[in-house]
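Me: I want to go through the pockets of this model. Please tie each label to its criterion.

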Amino acid sequence: MALRAPGDTDWMAAAAGLARRGRPASAPNPNVGCLIVKADQVVARGWTQAGGRPHGEAVALAAAGVAARGATAYVTLEPCVHASARGPACSDLLIRAGVARVVVAVQDPDPRTDGAGIARLRAAGIEVTVDVLPADARAAMAPWWTRQTMGRPFVTLKLATSLDGRIAPADGSSRWITGDRARAHGHLERASHEAILVGRGTFEADAPRLDVRLPGLEDRSPKKFVLTRGAAPEGWTAVASPDAIEGVDSLLVEGGAGAAAAFLAADRVDRLLLYRAPILIGDGKAALGDIGLTRIAAAHGRWRLADSRMLGSDRLDVYERVRTI
């Protein structure tokens, strides 16, 4: 049986995977992925580099060289059109490289580009296809996209619980609920966020380091925030409320129950990581406090299961907040 040749959605899915490699280092610029394809072969690949430059298209085109002429470029975000002292516009780079076609996952909401990049490419005689796997691209660029369209950071809430929703026995004596694999996955999540937050109570009780302790990723430790109306300890930033997060595009909320409840009550959680260990604790500390819901009906329809997997003996379920925008 002959294998099917890859199509636009296949190549764009790969470009979205490349985009995730730039997260969160590319902030505050979008983490764009780009794939250059010619005759069903990958010529070059790229993603936005640390600090936001060079852009993903520039990296891929530099790697492709003259092989980019006549090729198709798959990009997760409309190529930029505005001039910058840090580098040329990506739409101009694609035109100069002589690509024959550009496939764009999603149009750029930044008013400096917003359709103008696509128009410039078409005016240069380049075929442009738009809206190929737009949801995948938005998910890959979720922190930047959320800041750009909603004016706030993308927030992930991590909960590690027993099967009955407890985070510790009643005396708070248990430090770890889940096993090694789940905790390693948690460190990968830390590495993919600009900042991490705990409540004041968790800070005082556990003195958490909140760093990344995986070989090769130690330099990806996020900034440390503490939810408090008081002063921040040295090396930490005080955040008075979930609405007061500034200076970052992505935030991981790790604990405790009060901080988790505060972000849920304020509807500031976009993604929920629920790690569950195969244990029962009974009377113990709950994972959440009051989140402001008074009717069961109001709790339904708010979350969509996006992923589920086993990490050793622990289960991870990933939920995404269902929003209308």
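Reply: The model is predicted. A lining residue is one with an atom within 4 Å of a pocket point. By that cut-off, 34 residues line the second largest pocket. Among them, Arg-175, Trp-176, Thr-202, Asp-206 and Glu-254 lie nearest its centre.

Me: What is the volume of the second largest pocket, and which elements supply at least two residues of its lining?

Reply: The volume is about 950 Å³. The elements are β6 (154-161), β7 (166-169), α7, α8 (200-206), β11 (250-255) and α9 (257-265). α7 gives the most, with 5 residues.

Me: How do you know how the lining of the second largest pocket divides by class?

Reply: Asp, Glu, Lys and Arg count as charged, and Gly counts as polar. On that basis the lining of the second largest pocket has 15 nonpolar, 10 polar and 9 charged residues.

Me: Now the largest pocket. How much space lies in it, and which residues lie nearest its centre?

Reply: About 1200 Å³ of space lies there. The largest pocket is lined by 32 residues. Ala-139, Ala-142, Phe-154, Arg-271 and Glu-320 lie nearest its centre. By class, the lining has 14 nonpolar, 5 polar and 13 charged residues.

Me: Which domains does the lining of the largest pocket draw on?

Reply: At least three lining residues come from each of domain 1 (8-141) and domain 2 (152-321).

Me: What makes up the lining of the largest pocket, by element?

Reply: α5 (134-140), α6 (142-150), α7 (180-191), β14 (303-311) and β15 (314-321) each supply at least two residues. α6 has the largest share, 5 residues.

Terms used
Residues are numbered from 1 along each chain as its sequence is written. This is a predicted model: local features need pLDDT of at least 70, side-chain atom pairs count only at pLDDT 80 or more; totals for chains, interfaces and linings use all residues. Side-chain values use heavy atoms; hydrogens and water are left out. On a 1 Å grid over the protein atoms alone, a cavity is a set of points where a 1.4 Å probe fits but cannot get out, and a pocket is an open set with protein on both sides within 12 Å along at least five of seven lines; lining residues have an atom within 4 Å of a point. Grid points are joined across faces, edges and corners, and a volume is the space filled by probe spheres set on the points. Helices (H or I, at least four residues) and strands (E, at least two) are DSSP runs, numbered from the N terminus. Domain bounds come from an automatic or database domain assignment.
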